[in-house]
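Hi,

Here is the structure I promised to pass on to you. Please have a look at it first, and then read my notes below.

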Amino acid sequence: MKAIQVTKTGDASVLELAELPTPQPGRGEALVRLKAAGLNFIDIYIRTGRYERPLPFTPGLEASGIVEAVGPDVTEVKVGDRVAYTDQMGSYAEYNLVKASQLIPLPDNVSFEEGAAIPLQGMTAEYLVNEFYHIKKDDYVLIHAAAGGVGRLLVQWCKHLGAIVIGTVSTQDKAQVAKNAGADHVILYTQEDFVAATKKITADKGVDYIIDGVGKSTFTKDLDAARVCGHICLFGSASGPADPFAPNSLQAKSLTLYGGSLFNFILTREELLKRANAVFNGINAGWLTLKIDYKYPLEQAAKAQQMLEERQTTGKIILTI
Ligand SMILES: NC(=O)c1ccc[n+]([C@@H]2O[C@H](COP(=O)([O-])OP(=O)(O)OC[C@H]3O[C@@H](n4cnc5c(N)ncnc54)[C@H](OP(=O)(O)O)[C@@H]3O)[C@@H](O)[C@H]2O)c1
């Protein structure tokens, strides 16, 4: 099979097209013929070696496709089923082996391209609004990188829950994407101090819930932007890992800080399907839309990752296979 292989960590040029043996499913596994793979910022952390993986590896943690073969004891899916998955490396390829218990059946009205855009970013938006701070109507929620893959979905989800959404973005074009997704206020945090801007928007009260996947350039300021008894979830580090801080500094405003990782919230099949269904329900009801702005063939994985890494994308990027 054709697959992207990484034999050493580094810049996007380490993503090389290779010919690898097609794997065969073992007990409890399914071989999925992939149709589309989703790109995610975690792919960059893994490619550069910030998140360590044994070499060589095929990148990619999200894809959709058709079950080609199943191993012994598989009950969850059968050959020919349309499926999607996350939390299994190797999706930049024509085939991938996935534990059958991790496969999400794709509804007929969801295309393969949409299916590759849902499992990682969609379920992340879901747990970030349902597992930590419970958003109430007219709460102020601050979403960093609001035009990005997760950010744009979060904007829509928080609006659906009745929040007043403040999004940060780096450019005017991205501001329009965040507004189109429903953001009430958009701050260009590369040009304007987002703490001062949020204080102005909230009449000095501060923000109820801050959802931060940017890290280094935002986290320390989040502590200022939050309201008294406010909540912050740090779930990523697109600008680099957040600077260390003194835990006691949370006391001054009685802040609550959460750390988020999707993979802790899809540990059972029941939980996985509950979260996937919440995403499908939002899409069916019409309040959640996907925006697949960039499609590249598998061979151009390096170009696709470079675009994501260099901050040139909005919404979702997928590889077509
Ligand atoms: N923990 C979890 O469960 C989980 C799951 C999924 C994603 N994540 C995290 O969520 C964040 C967003 O992921 P995504 O896949 O949806 O990516 P994305 O938001 O589509 O892309 C990252 C965005 O971060 C912003 N950014 C700010 N400073 C940056 C910098 N120095 N370099 C590059 N980008 C910068 C950019 O938006 P602007 O140009 O508008 O600033 C950029 O478009 C990432 O940190 C990712 O690791 C975490």
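A term you will need first: a polar contact is a pair of N or O atoms within 3.5 Å; within protein, one must be able to donate a hydrogen and the other to accept it, and residues adjacent in sequence count only if both atoms are side-chain atoms. This is a predicted model, in which local features need pLDDT of at least 70 and side-chain atom pairs count only at pLDDT 80 or more, while totals for chains, interfaces and linings use all residues. Residues are numbered from 1 along each chain as its sequence is written, and side-chain values use heavy atoms, with hydrogens and water left out.

A polar backbone atom of glycine 260 is 2.8 Å from a nitrogen atom of the ligand. On the side-chain part, an N or O atom of serine 170 lies 2.5 Å from a ligand oxygen, and a polar atom of arginine 311 is 3.0 Å from an oxygen of the ligand. Of the 900 Å² of accessible area that the ligand has on its own, the protein covers 91% (Shrake-Rupley method, 1.4 Å probe).

What surrounds the ligand? The shell holds 29 residues, and Tyr127, Ser170, Tyr189, Gly213 and Leu262 are the closest (a residue is near if one of its heavy atoms lies within 4 Å). Helix H3 (119-130) is among the elements that give two or more residues to this shell, and the largest share, 4 residues, comes from H3 (helices are DSSP runs, H or I, of at least four residues, and strands, E, of at least two, numbered from the N terminus). Domain 1 (2-118 + 290-320) and domain 2 (125-261) both contribute to the shell, so the ligand lies between them (the bounds come from an automatic or database domain assignment).

Two backbone details are also worth a look. The peptide bond from leucine 55 to proline 56 is cis, with omega near -10°, and proline 56 sits in the loop between H1 and strand E4 (62-70). Aspartate 73 is not a glycine, yet has a positive phi of about 65°; its place is the loop between E4 and strand E5 (82-86).

Best wishes
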